[in-house]
Amino acid sequence: MNVLELFTRIRTFVFDVDGVLTDGTVQLLPNGEQSRKMNIRDGYALQLAVKTGYRVAVISGGRSESVIARLNGLGIKDVYTGITDKVDKLQDYALIHELKWDEVLYMGDDIPDYRVMQLTGLPACPADAAPEIKSISRYISPQKGGDGCVRDVIEKVLKLNGHWLLDEGVASR
C-alpha cells in the first residue's frame with residue numbers, strides 16, 4: 001500500500017512533545033524553570049486540524065505547564081503529561097473515543113514512543129528520530145523535531161482529504 005493512502009485514512013493525530021513538537025532541547029533558566037521552543041507553523045497546522053474536526057492528542061512523559069497552556073491555546077484539550085505508560089494511555093484514549101487504529105497517526109521520536117507507535121495505522125517520526133523509531137515508522141518526515149515535522153504530517157492529511165485552507169481563508173470542508 002502507498003503511504004499516501006494511509007494518510008487519507010487519518011482522523012486522529014497523536015504527538016509526543018520533546019523531539020517532535022520541540023527540537024528536544026530543554027533550556028535551564030536561572031530560576032530553575034525549563035524552557036522549550038515550538039514551531040509556529042506546527043501550531044498553525046495543529047489548530048487548523050482541530051478546527052476542521054480532526055481529533056488531536058498529545059501524550060508526553062515530560063511535565064510542563066507552559067506546554068499545556070500553549071497546546072490548550074491552540075484548541076487541543078487532550079493533553080496528557082507525566083505519562084509513564086504511553087501504550088496504556090493511548091489504549092484508554094482509543095476506547096473512550098472509539099478510535100479505529102488505522103485512523104490514528106502517532107508521531108514519536110525516541111524509545112519511549114516505540115511500543116505505542118506500533119498500535120497505530122500510521123506510525124511517523126521526524127527526520128532526526130532515533131534509528132529504532134525510524135525502523136518502525138511508515139513515514140519519516142523530511143523535517144526535524146520542532147522544525148515543521150508536525151505541520152508536514154497534518155498538512156498531508158488535510159490536503160489529501162480536501163480540508164486545507166483555500167485562498168479566501170475558508171476551510172474547504
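**Salt bridges, pair by pair**

Reply: Start with lysine 37. It counts as exposed, because its relative accessibility is 55% and the cut-off for exposed is over 50%. Keep in mind that this is a predicted model.

What does lysine 37 meet in a salt bridge? Its partner is aspartate 23, with 4.0 Å from N to O. This pair ties together distant parts of the chain, 14 residues apart. Aspartate 23 sits in the loop between helix H2 (17–21) and strand E2 (27–28). Lysine 37 sits in the loop between strand E3 (34–35) and helix H3 (40–51). Aspartate 23 is partly exposed, at 34% relative accessible area.

Opposite charges on side chains can pair when the charged atoms come close. How many salt bridges turn up in a search of the whole structure? The search finds seven.

Next, take lysine 86 and aspartate 113. Their side chains form a salt bridge of 2.7 Å, N to O. Again, distant parts of the chain are linked, here 27 residues apart. Lysine 86 belongs to helix H5, while aspartate 113 is in the loop between E6 and helix H6 (114–117). Are these two residues buried or exposed? Lysine 86 is buried, at 7% relative accessible area. Aspartate 113 is buried too, at 1%. Both count as buried because the cut-off is under 20%.

Glutamate 155 forms a salt bridge with lysine 159, and the closest N and O atoms are 2.6 Å apart. The two are four residues apart in helix H8 (residues 149–160), so about one helical turn separates them. Glutamate 155 is buried, at 19% relative accessible area. Lysine 159 counts as partly exposed, at 48% relative accessibility.

Salt bridges can also share partners. Asp16, Lys86 and Asp113 are joined into one network in this way.

Now look at the strands around this part. Strand E6 (residues 104–107) pairs with E1 in the parallel sense, over four bridges. One of the bridge partners is tyrosine 106 in E6, facing valine 14. E1 (residues 12–15) also pairs with E4, again parallel and over four bridges. E1 is covered on both faces: Thr12 and Val14 are buried on one side, Phe13 and Phe15 on the other.

Technical notes. Residues are numbered from 1 along each chain as its sequence is written. This is a predicted model: local features need pLDDT of at least 70, side-chain atom pairs count only at pLDDT 80 or more; totals for chains, interfaces and linings use all residues. Side-chain values use heavy atoms; hydrogens and water are left out. Two strands pair if DSSP finds at least two bridges between them. Buried means under 20% relative accessible area, exposed over 50%, partly exposed in between (1.4 Å probe, protein chains only).
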